[in-house]
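Please read the points below with both to hand.

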Amino acid sequence: MLNHKKRPTLSTVAQRCGYSVNTVSRALRGDPKLPQATVQKIKAAADETGYIPNRLASSLRSHESHVVAIIIEDIENPHYSHLMARIEQELQIRGYNVIILCNNKSFASEKELAALAVSYSVSGVLLFPQDSVKTANEGSSAVQLLQANHIPVVIVDRSIRQQDIDCVRVDDEAGGYLAGKVLSQLGHRHFLFLAGPRNNTSQPLRQKGFLQAVSDYCPATNRSVRITEENDCFAAIRSGQLARLLTPRDYSALVCFNDEVAYYCMQALQDEGYRIPQDVSLCGFDSIGSDIRFLPRLSSIAHTKGYSIAEYAVKALMNRIEHPAAARQDIVLPVSYYDGGTCAGPVRLHRRPFDV
């Protein structure tokens, strides 16, 4: 009598169809030496019992799980959720499955998730490091743990200076410069820059590039740049006080660290009666609206068409899996400006009720 309290095993299938465990195993592996009728009967028995192969046990025998772990900090940002979907597609094409481990922006749990990935005997890890400023200077404990267990790892969408770690990212400094150049050439001279997280290495690079472009293209006697810290920005978003953060309205162009913040700003400005781009030009970073069609159009900076972060990250990981001793790669993708209609020439600054 079958024991329905336990997970079905090869023995369960063998009892159902009357063949030996060895024959059942061969049939489910697709052994061409077995008669097709036998294979079909065994597969039917496996379906009836609900048998699922134990891939963990199989990976321990073969030392290859064909599973890649994605360790990420922020699954709510549409940029990351779309990027993970693209990564999964690229991996499936190559015969790999995916597990997603989210650390909820906790640096302490990043190492714990790396340990979990090791325990699953994954073939490789794509890591979006949460505290990338720290890891750039001191090294990542998560990366060190993966290295100690000989798990191939690629850093995605960030930079890290730790040796022997592959990185795939966009050219953040060039992207910031391009945003400043486009807006300056449109005639803007007064800017508000909403900065990204302090612990994100993309933030200082984007800000540096932006400020350099403003310096290159705007007369020193007739320009102003106000920079708002990331902590203030997200606190204002959570409290519903973003409109207050955007005051005084002493700027004609608003540049945001990423599109997520830019969309919040778009809504806040429009709620106060401002027109975009007639009253305020708005530029983001990531161009998520290019892929998520139901979002409002937004002018933004992102990797140039044909240079997919997902594709390059997966290729880098496959190369590391196949060639463990290969030289480190720091792949920096070129960027382009995508005109979503939210940037235009400035008009005379004028006050609105919340500008007091």
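1. Basis. This is a predicted model, in which local features need pLDDT of at least 70 and side-chain atom pairs count only at pLDDT 80 or more, while totals for chains, interfaces and linings use all residues. Residues are numbered from 1 along each chain as its sequence is written, and side-chain values use heavy atoms, with hydrogens and water left out.

2. Sheet. Six strands make up an open sheet of mixed pairing, in the order β7-β6-β8-β9-β10-β12. Its edge strands, β7 (224–228) and β12, each pair on one side only. From one strand to the next the twist averages 20°. Strands (E, at least two residues) and helices (H or I, at least four) are DSSP runs, numbered from the N terminus; two strands pair if DSSP finds at least two bridges between them. Axes are lines fitted to C-alpha atoms, and angles run from 0 to 180 degrees between N-to-C directions.

3. Strand β10. Four of the five residues of β10 (residues 299–303) are buried, so this strand is largely enclosed by the rest of the structure. Buried denotes under 20% relative accessible area, exposed over 50%, and partly exposed the range in between (1.4 Å probe, protein chains only). With β9 (residues 281–285), β10 pairs in the parallel sense over three bridges; phenylalanine 285 has isoleucine 301 as its bridge partner. With β12 (residues 335–338), β10 runs antiparallel and is joined by four bridges, serine 300 standing opposite tyrosine 338.

4. Strands β6 and β8. Four bridges pair β6 (residues 190–194) with β8 (residues 253–256) in the parallel sense. Here leucine 192 stands opposite leucine 254.

5. Salt bridges. A salt bridge requires a side-chain nitrogen of Lys or Arg within 4 Å of a carboxyl oxygen of Asp or Glu; by this rule there are 11. One of them joins aspartate 330 to arginine 169, with the closest N and O atoms 3.2 Å apart. This pair links distant parts of the chain, 161 residues apart: aspartate 330 belongs to strand β11 (residues 330–333) and arginine 169 to strand β5 (residues 166–170). Aspartate 330 is partly exposed, at 37% relative accessibility, whereas arginine 169 is buried at 12%.

6. A helix-to-helix pair. Aspartate 172 and arginine 206 form a salt bridge at 2.8 Å, N to O. The former lies in helix α9 (residues 172–185) and the latter in helix α10, 34 residues apart. Aspartate 172 is buried, with a relative accessible area of 2%; arginine 206 is also buried, at 6%.
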